[in-house]
Amino acid sequence: MMRLKKMDLDLTVCKVPTIRELTLDQGFYFIGRTDEEISLVCETDRTPANTLERDDGWKAFRIEGILDFSLIGILSKLSSILAEEGIGIFAVSTFNTDYILVKKGNFEKALQVLADKGYGIR
């Protein structure tokens with residue numbers, strides 16, 4: 001079974017008009033840009049002042065290792081397990097792996113539910 005790594009960060013999900021004021025060489029940042037918006041996931045204490053909307057109170061874990069693109073259904077399986085317990089997620093995928101964000105109040109419960117399903121947590 002896959003191993004999950006807890007991240008010891010308080011995170012914010014927000015929408016910003018620009019990323020010019022970000023110092024991307026420090027901290028955790030994930031930026032998604034479309035024709036409609038720029039979304040940002042960042043450490044709460046590094047959230048830019050110019051946010052258009054923001055939602056604080058997220059914690060995260062990541063799937064350990066580098067995931068091969070041929071692997072199918074990893075994120076679907078994790079989100080289904082958590083959905084069955086009424087735990088919502090915000091997922092972020094990078095080239096190497098997937099990150100699952102959960103609201104702080106559900107974080108420990110989410111990890112316990114996944115551990116009960118056989119996922120290794122560290």
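Is the crossing of helix 1 and helix 2 right-handed or left-handed? In this predicted model, local features need pLDDT of at least 70, side-chain atom pairs count only at pLDDT 80 or more, and totals for chains, interfaces and linings use all residues. Residues are numbered from 1 along each chain as its sequence is written, and side-chain values use heavy atoms, with hydrogens and water left out.

The crossing of helix 1 and helix 2 is right-handed; a crossing has this hand if the near helix is turned clockwise from the far one by less than a right angle, and is left-handed if the turn is anticlockwise. Helices (H or I, at least four residues) and strands (E, at least two) are DSSP runs, numbered from the N terminus. The axes of helix 1 (residues 74-84) and helix 2 (residues 104-116) come within 10 Å and cross at roughly 115°. Axes are lines fitted to C-alpha atoms, for helices over the stretch in contact, and angles run from 0 to 180 degrees between N-to-C directions. The two helices are therefore roughly perpendicular to each other (65 to 115 degrees; under 35 is roughly parallel, over 145 roughly antiparallel, and the rest oblique). Leu78, Ile81 and Leu82 of helix 1 are in contact with Ala110, Val113 and Leu114 of helix 2, where contact means heavy atoms within 4.5 Å. The residues of this contact comprise six nonpolar, no polar and no charged; Ala, Val, Leu, Ile, Met, Phe, Trp, Tyr, Cys and Pro count as nonpolar, Asp, Glu, Lys and Arg as charged, and the others, Gly among them, as polar.

Strands pair if DSSP finds at least two bridges between them. Strand 1 (residues 3-15) and strand 4 (residues 53-63) are antiparallel and share eight bridges. Leu4 has Ile63 as its bridge partner in strand 4, and Lys15 has Glu53. Strand 1 also runs antiparallel to strand 3 (residues 38-43), with five bridges; there, Thr12 is partnered by Cys42. With strand 7 (residues 120-121), strand 1 runs parallel over two bridges, and Arg3 is partnered by Gly120. Strand 4 is joined to strand 6 (residues 98-103) by five bridges in the antiparallel sense, with Ala60 opposite Leu101.

There are eight salt bridges, each a side-chain nitrogen of Lys or Arg within 4 Å of a carboxyl oxygen of Asp or Glu. One of them joins Lys59 and Asp10 (3.4 Å, N to O). Lys59 lies in strand 4 and Asp10 in strand 1, so this pair ties together parts 49 residues apart in sequence.
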